[in-house]
Amino acid sequence: MMAHSDARYRFDNFVVGSGNRLAVAASRAVAESPGSTYNPLFIYSGSGLGKTHLVGALGHLALELQPELRIIYLSLDEFVEQLHASISAGETEAFKKRYHTVDLLILDDVQFLTGQRETQSEMLRLFTALQGSGRQIVMTSDRPPSEIADVDERLLTRLAGGLIVDIGAPDYETRIAILRSKCEERGLHFRTGVIEELARVEFANVRELQGALNRLAAYQALGQQSLGAPDVRMIVGVQGTSSMTIPMPKSSGEFQSFLSDVAVAVAQHVEGWKARIGEAIAYWGGEGYRTALLERALQQSISPDVDELIAGYSASVDHLKTLEQRASSVDAALGANEVFRDPERVDEAEQLAERAMAGHTPPVGPSPAFARDAFEVGSSNEMAVRVADMVVADPGRKYNPLVLHGSSGVGKTHLANAIGNELLNLSGGAMTVSCVGAQTFIDELIEAIQEGTLERWRARYRAADALIMDDVHFIAGKERTQDELFHVFNACYDAGKQIILTSDRPPRELGDLEERLRSRFDGGLVVEIGQPDRELRGKLYARHFALRERSTTEDVLEYLADRSVTSVREIIGTVHRVCAAADVAGEAITLSFVRGELEGVSAAPAPVRTRSDERVDPFFLDDEKIVWDWPDVTARLIEEIR
Amino acid sequence: MSLVNYSTREITCKIVYYGPGRSGKTTNLHYIYGQVPEDRKGTMVSLATQTDRTLFFDFLPLDLGAISGFTTKFQLYTVPGQVYYQTTRKLVLQGADGVVFVADSQARQLDENIESFQDLHANLAEHGINAREVPLVIQYNKQDLPKDLILTVPELEDALNFRSVPHYEADALHGPGVFETLRGISELVLKRLSAGSGSDR
């Protein structure tokens with residue numbers, strides 16, 4: 001009637017050592033005469049030291065000696081389970097009867113009694129009954145009864161009432177004996193010294209020892225040759241502990257301990273931040289970059305913000321890499337430039353790269369033909385001019401961007417170029433002003449895309465200190481151009497560079513313009529240049545007659561100024577026409593002549609008729625169609641003689 | 001000579017064993033050399049006369065391998081103890097990161113101890129090293145001799161250790177105290193890593 005007892009658990013294969021001698025002796029005594037000597041017998045020990053083996057052997061021996069004995073061997077868990085089952089099935093009487101008639105009750109792992117009140121009271125009754133009739137109880141636990149928490153006092157006294165024995169960890173000799181016995185049992189053979197070496201390892205319990213032995217056995221079975229003692233620790237994977245290791249030469253130990261002390265001291269005293277900077281220096285130095293910046297930081301006695309320092313450094317290096325790449329794409333020779341290896345010279349590197357990029361084709365500057373002092377001011381454009389002067393005085397800060405709009409021919413281009421020229425003059429030519437028509441911008445972009453020189457093209461505009469774009473309304477509907485302009489615009493704007501745009505209508509009326517651009521255009525100052533007013537017209541006529549070195553009378557200018565025009569170009573056209581007519585007619589520019597010429601009314605007899613009765617063919621009045629300056633007569637003559 | 005080089009990730013410590021003649025400086029080094037595992041052993045350079053007196057100096061390089069990522073090297077030197085090797089002593093002391101003063105515990109050597117200790121201070125001063133700041137430990141060697149021949153540690157302390165630096169009893173011939181001394185001076189020296197004075201010397 002042995003339940004759950006393993007036949008392998010016998011006394012003859014239980015190795016007796018100093019740690020378990022008492023427990024074994026008590027168990028044997030109990031097995032030989034149950035119920036008479038130590039009742040109850042309480043065996044406790046740490047896990048894996050042989051409790052279960054011992055009580056199993058006890059049961060076997062008892063059964064061997066008295067085959068008619070009724071023995072129940074079970075763990076407390078199983079006992080509780082059976083108890084609960086009997087209660088729920090209403091068969092508690094049968095349960096009681098079964099246990100109350102047992103001769104030897106062996107309960108394993110009774111430490112689980114903790115807190116189980118119901119089980120405890122049942123056990124108390126059972127114990128009282130069994131002990132009263134002289135039957136044996138044997139219990140095992142991983143701790144002494146007094147340390148099992150929360151156990152009924154009366155049960156506790158009963159548990160402790162018999163003999164309490166413990167099993168200690170096996171000593172070296174016992175371990176050897178255990179290992180030898182296991183080897184014999186399993187037919188394992190090891191070389192001399194192996195078992196001894198394994199036994200030197202201080203395993204906490206026999207199970208671990210057995211596990212280590214299994215490991216050795218497996219290794220030996222796998223390998224061709226049998227294991228030697230030196231392999232043991234490696235295979236088992238333990239470092240020797242001091243007392244059980246083979247006594248190493250004392251020397252090495254002393255040195256090792258000195259070494260580990262030094263290691264601790266170094267770890268404590270090496271300054272982490274310095275070590276990190278050191279690493280960074282080693283790394284970037286190896287990459288060929290100059291590390292003077294970091295080395296200086298290393299000299300400091302207090303810790304800088306290492307993260308920031310290193311991050312900044314590596315950002316600079318990344319930037320240098322980009323610049324180098326860009327520069328060498330233009331000019332391969334620049335790639336090796338020392339500047340690209342020194343994070344402290346990023347500015348120089350930037351300039352070098354920019355020069356390289358912009359160097360080939362500097363952006364077109366403003367046309368010198370459009371001078372500021374040649375720009376006449378009247379009430380219609382006064383506002384625009386005043387703003388332009390302010391922009392010149394303080395470029396990039398006051399009104400950025402400046403958008404000049406107005407109908408065709410009112411002087412937008414002139415004024416925009418004039419601002420560019422003024423900026424150039426004021427800076428003594430140091431400034432780069434790029435002045436481009438929107439149409440040219442578009443064409444250049446297309447060409448750059450075609451040739452794959454987009455980067456360089458962009459850099460050209462970004463490198464300029466001021467950007468003037470004429471006729472910006474042409475970019476309407478051109479998405480890619482708008483994208484590019486957007487980037488260039490932002491780059492300039494962020495760098496505080498002046499942007500001047502001209503357009504034939506205010507930005508808000510530009511169709512097909514992306515909102516992000518429109519809003520940016522509107523974000524500066526939008527000024528209209530109106531059609532020339534009377535005062536301006538007067539000035540313009542006077543200036544343009546003067547330019548052609550014609551003298552006019554005040555009344556002519558008054559008359560002309562009264563005529564309304566839509567653009568400055570019209571005025572220039574009129575001046576040309578009048579001059580040409582006067583030349584053809586050989587007359588001075590008088591009010592009557594001009595009036596006659598422009599209104600088709602002849603105030604005075606046409607002076608031309610004095611030379612010819614016919615009216616002058618209008619063909620001759622168009623100065624573009626007439627050769628005004630013939631070559632020298634003598635030169636022509638020689639030609640004819642030949 | 002720099003103690004710690006963060007750029008090349010090296011730590012180099014020069015430790016000088018100083019003391020009167022026959023106090024056991026070389027014996028210290030020999031013992032340490034004997035304990036170094038074969039794979040780490042450098043060559044101990046010993047310039048000794050036939051009677052085993054240090055003529056010039058002993059030099060024992062200790063390569064401790066990589067510690068916290070630093071290639072760590074200790075260089076142990078001894079000076080010749082005899083009074084007339086003054087120049088050599090001064091030379092060896094140059095650039096020392098730490099000094100071990102090995103005192104002879106024998107009662108009759110007390111004067112030599114004191115004289116050598118003063119000599120140490122004089123030489124440090126000549127190198128422009130502030131004796132108060134340089135890492136220094138004292139080893140009272142030969143404490144294994146019969147009690148009637150030697151002075152006790154308190155007596156020696158009275159005579160020599162007016163600065164209250166760490167001190168160690170030792171029997172350099174057989175080992176006790178040797179590594180304790182080395183450990184003591186190493187700790188003092190390494191402590192200066194964080195004091196910031198090491199990197200720019």
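## Model and confidence

pLDDT is the predictor's confidence in each residue, on a scale from 0 to 100. This is a predicted model, in which local features need pLDDT of at least 70 and side-chain atom pairs count only at pLDDT 80 or more, while totals for chains, interfaces and linings use all residues. Residues are numbered from 1 along each chain as its sequence is written, and chains are lettered from A and ligands numbered from 1 in the order in which they are written. For the complex, the predictor gives an ipTM of 0.80 and a pTM of 0.38.

Chain B has a mean pLDDT of 83, with 88% of its residues at 70 or more. Its residues 197–201 have a pLDDT below 50; this stretch makes 13 contacts in the model beyond near neighbours in sequence, a contact being two residues whose C-beta atoms, placed from the backbone, lie within 7 Å. In chain A the average pLDDT is 78, and 87% of the residues score at least 70. Confidence in chain A is highest in strand 4 (residues 136–141), at 89, and lowest in helix 26 (residues 633–641), at a mean of 55. Helices (H or I, at least four residues) and strands (E, at least two) are DSSP runs, numbered from the N terminus.

## Chain B

Chain B contains 5 helices and 8 strands, arranged along the sequence as β-β-α-β-β-β-α-β-α-β-α-β-α. Of its 201 residues, 45% count as buried, meaning that 20 or more other C-beta atoms, placed from the backbone, lie within 10 Å of the residue's own. Among contacts between residues at least 6 apart in sequence, 70% join residues at least 24 apart.

The largest nonpolar core has 67 residues, and those touching the most other members are B:Ile15, B:Val16, B:Leu76, B:Val99, B:Val100 and B:Phe101. Helix 5 of chain B gives the most to this core, with 7 residues. Such a core is a set of buried Ala, Val, Leu, Ile, Met, Phe, Trp, Tyr and Cys residues joined through C-beta atoms within 7 Å. Apart from neighbours within four places in sequence, B:Val16 has contacts that include B:Tyr77, B:Leu93 and B:Val99.

## A parallel sheet in chain A

Chain A has an open sheet of 5 strands in the order 7-8-9-6-10, with parallel pairing; two strands pair if DSSP finds at least two bridges between them. Strand 7 (433–437) and strand 10 (525–528) are the edge strands, each pairing on one side only. Neighbouring strands are turned by 15° against each other on average, direction ignored. Strand 8 (residues 466–470) and strand 9 (residues 498–503) run parallel and are joined by 4 bridges. A:Ile468 stands opposite A:Ile500 in strand 9.

Helix 16 (residues 382–393) of chain A lies across strand 6 (402–405), strand 9 and strand 10, at about 140° to strand 10. Helix 17 (residues 412–426) of chain A lies across strands 6, 7, 8 and 9, at about 165° to strand 8. These angles run from 0 to 180 degrees between N-to-C directions, with axes fitted to C-alpha atoms, for helices over the stretch in contact.

## Where the chains meet

The contact between the chains takes 27 residues from chain B and 25 residues from chain A. On the chain B side, helix 1 (25–35), strand 4 (54–67), strand 5 (70–78) and helix 5 (178–191) each supply at least two residues. Helix 5 of chain B gives the most to this side, with 7 residues.

The chain B side divides into 12 nonpolar, 10 polar and 5 charged residues. Here Ala, Val, Leu, Ile, Met, Phe, Trp, Tyr, Cys and Pro count as nonpolar, Asp, Glu, Lys and Arg as charged, and the others, Gly among them, as polar.

Note on methods:
Buried ≥ 20, exposed ≤ 12 C-beta atoms within 10 Å, placed from the backbone.
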